[in-house]
Structure formats: structure tokens, C-alpha cells
Amino acid sequence: MEGLSNVPASGPVIIAANHRAVLDTAVISLVVRRQVRFLGKAEYFTGRGLRGRLMAAFVDALGFVPVERGNAHAGLAALNAGQNALNAGGVFAIYPEGTRSRDGRLHRGHTGVAVLALTTGAPVVPVALFGTEKLMPRGGKIPRPARVAVRFGEPLDFTAVTERNLRARRAVTDEVMAAIRELSQQEYVNTYHRRPDENIA
């Protein structure tokens with residue numbers, strides 16, 4: 001682990017990380033000394049029976065905020081959840097790529113991270129995760145022994161950016177992604193990464 005002191009000890013902060021595996025969220029939660037809030041599928045909180053209750057308790061303890069996916073309001077709900085956590089002085093983590101990288105490369109970031117930074121004034125701490133894709137390979141159900149590392153970069157301050165238009169949001173997002181790329185040394189691809197369930201035209 002490197003650079004953990006770059007995460008402010010108090011006040012709102014956005015953690016923006018590359019996304020290599022399903023266990024990235026657990027790794028970040030374990031190493032950051034403050035409670036970190038993440039977005040989580042609402043289904044995690046609505047399961048029935050003992051198994052459903054245990055899952056809900058587990059994801060709540062990890063800091064997940066339930067958000068409905070697959071509807072027109074999902075994006076707005078996600079931003080609202082992030083803003084609420086930051087306005088309360090908390091830590092909110094986001095994966096700007098929007099989904100796990102299937103090819104190991106770092107893909108173009110979505111501008112939600114910029115919206116949160118520009119509307120709340122919270123600094124953005126770029127983070128690079130290493131080895132989590134070996135800890136829990138895609139399709140696996142049980143973690144495997146693997147060497148995992150986390151590198152935290154210096155906080156990025158965007159309070160001097162007064163514009164809120166698309167160009168400003170894109171510029172802020174690209175700066176965040178450049179910082180993550182510098183930390184992770186991943187090959188960068190200037191296209192959005194599609195989820196497996198997304199149709200490709």
C-alpha cells in the first residue's frame with residue numbers, strides 16, 4: 001500500500017479508482033481508515049430469507065448505498081447518493097470507467113466524478129488497484145491467494161473550476177483518468193468500456 005496519507009483524515013473526499021475485479025470495493029474498504037460509501041445494486045438489499053438479510057447486512061457494513069439500475073433515473077439517483085455522502089462530510093468512492101475492465105486496460109471515464117467534484121467542492125483522490133483481478137478472477141466465486149497492492153495519488157482540487165458545462169466536466173474527468181493512469185501504468189483506451197449485457201451496434 002502506498003500513499004494512504006493522501007486521503008484526508010476528515011471532510012468530504014472522492015476516491016476515484018480503476019476497476020479490475022469485483023473485490024475492489026472490499027479492498028478499498030479494508031485499507032482506508034474512514035468509512036467509504038459506494039454505489040450498490042438495490043437487489044443486494046432486498047433479498048428474502050436469512051441469506052437475503054445476511055447479504056443486506058454485509059453490503060451495508062461495506063458502505064454500499066442502494067441504487068436501482070436499468071431505469072431512466074438510475075444515473076441521477078447515483079449522483080444524488082454521492083452528493084448526500086459528500087455533503088455529510090464523508091468519503092465516497094466511484095469507478096469512473098463505470099464497470100470492471102475486461103481487458104486489463106484503463107478506459108475512458110464517465111463524467112459523474114466531475115459532477116460530484118464540481119458540485120460539492122470535494123477533492124478527488126486517484127487510486128490504482130493492482131492484483132485484485134487475480135484475487136477474484138472473472139467468473140470465480142471463491143477468492144484465491146494473490147498479491148494485492150493499492151496506490152493512492154495526491155488529492156486533485158477542482159474548486160477553481162467555475163464552469164459546469166460539458167466541456168468542463170470532460171476536462172475534469174480526463175484529468176482524473178490521467179492521474180489514475182499515471183498511478184496504475186495501464187494502457188489507456190479513449191473509449192467507454194461496455195458491460196457484457198450492453199448491445200454493441
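Trainee: How many helices and strands are there in the protein?

Mentor: There are six helices and eight strands. Helices here are DSSP runs of H or I with at least four residues, strands are E runs of at least two, and both are numbered from the N terminus. Bear in mind that this is a predicted model, where local features need pLDDT of at least 70 and side-chain atom pairs count only at pLDDT 80 or more, while totals for chains, interfaces and linings use all residues. Residues are numbered from 1 along each chain as its sequence is written, and side-chain values use heavy atoms, with hydrogens and water left out.

Trainee: In what order do the elements run from the N terminus on?

Mentor: The order is β-α-β-α-β-α-β-β-α-β-α-β-α-β.

Trainee: And what share of the residues in the protein is buried?

Mentor: Buried residues account for 44% of the 201. Buried means under 20% relative accessible area, exposed means over 50%, and partly exposed is in between, with a 1.4 Å probe and protein chains only. The accessible surface of the protein comes to about 11,200 Å², and 52% of that belongs to carbon and sulfur atoms. Those areas come from the Shrake-Rupley method with a 1.4 Å probe, and for residues only the protein chains shown count as cover.

Trainee: Of the contacts between residues at least 6 apart in sequence, what percentage joins residues at least 24 apart?

Mentor: That would be 75%, where contact means heavy atoms within 4.5 Å.

Trainee: OK, on to strands. Why is strand β1 described as largely enclosed?

Mentor: Strand β1, residues 13–17, has five of its five residues buried, so the rest of the structure largely encloses it. Val13, Ile15 and Ala17 are buried on one side, and Ile14 and Ala16 are buried on the other. In a regular strand, side chains alternate between the two faces of the sheet.

Trainee: Which strands does β1 pair with?

Mentor: β1 pairs with β4 (residues 91–94) in the parallel sense over four bridges, and it also runs parallel to β6 (residues 124–130), again joined by four bridges. Pairing means that DSSP finds at least two bridges between the two strands. In β4, Ile94 is the bridge partner of Ala16, while in β6 Val127 is the partner of Ala17.

Trainee: Do β6 and β7 run parallel or antiparallel?

Mentor: Antiparallel, with four bridges joining them. Phe130 stands opposite Ala149 in β7. As for β7 itself (residues 149–152), Val150 and Phe152 form a covered face, and Ala149 and Arg151 form an uncovered one.

Trainee: What about Ala128, buried or exposed?

Mentor: Buried, with a relative accessible area of 0%. Ala128 lies in strand β6. Beyond neighbours within four places in sequence, Ala128 is in contact with Asn18, Ala149, Val150, Arg151, Ile180, Leu183 and Ser184.

Trainee: Switching to helices. At what angle do α4 and α6 pack?

Mentor: Helix α4 (residues 112–120) and helix α6 (residues 166–184) pack at about 105°, with their axes 8 Å apart. That makes α4 roughly perpendicular to α6. The axes are lines fitted to C-alpha atoms, for helices over the stretch in contact, and angles run from 0 to 180 degrees between N-to-C directions. Under 35 degrees counts as roughly parallel, over 145 as roughly antiparallel, 65 to 115 as roughly perpendicular, and the rest as oblique.

Trainee: Which residues make that contact?

Mentor: On α4, Val113, Ala114, Val115 and Leu118; on α6, Arg169, Val172 and Thr173.

Trainee: How many of the residues of α4 are buried?

Mentor: Seven of nine, so α4 is mostly covered. Just after α4, Gly121 takes a positive phi of about 75°.

Trainee: Last one: where does Arg100 lie?

Mentor: Arg100 is in the loop between β4 and β5 (106–107). Arg100 is partly exposed, at 27% relative accessible area. Not counting residues up to four places away in sequence, Arg100 touches His19, Arg20, Ala21, Val22 and His193.
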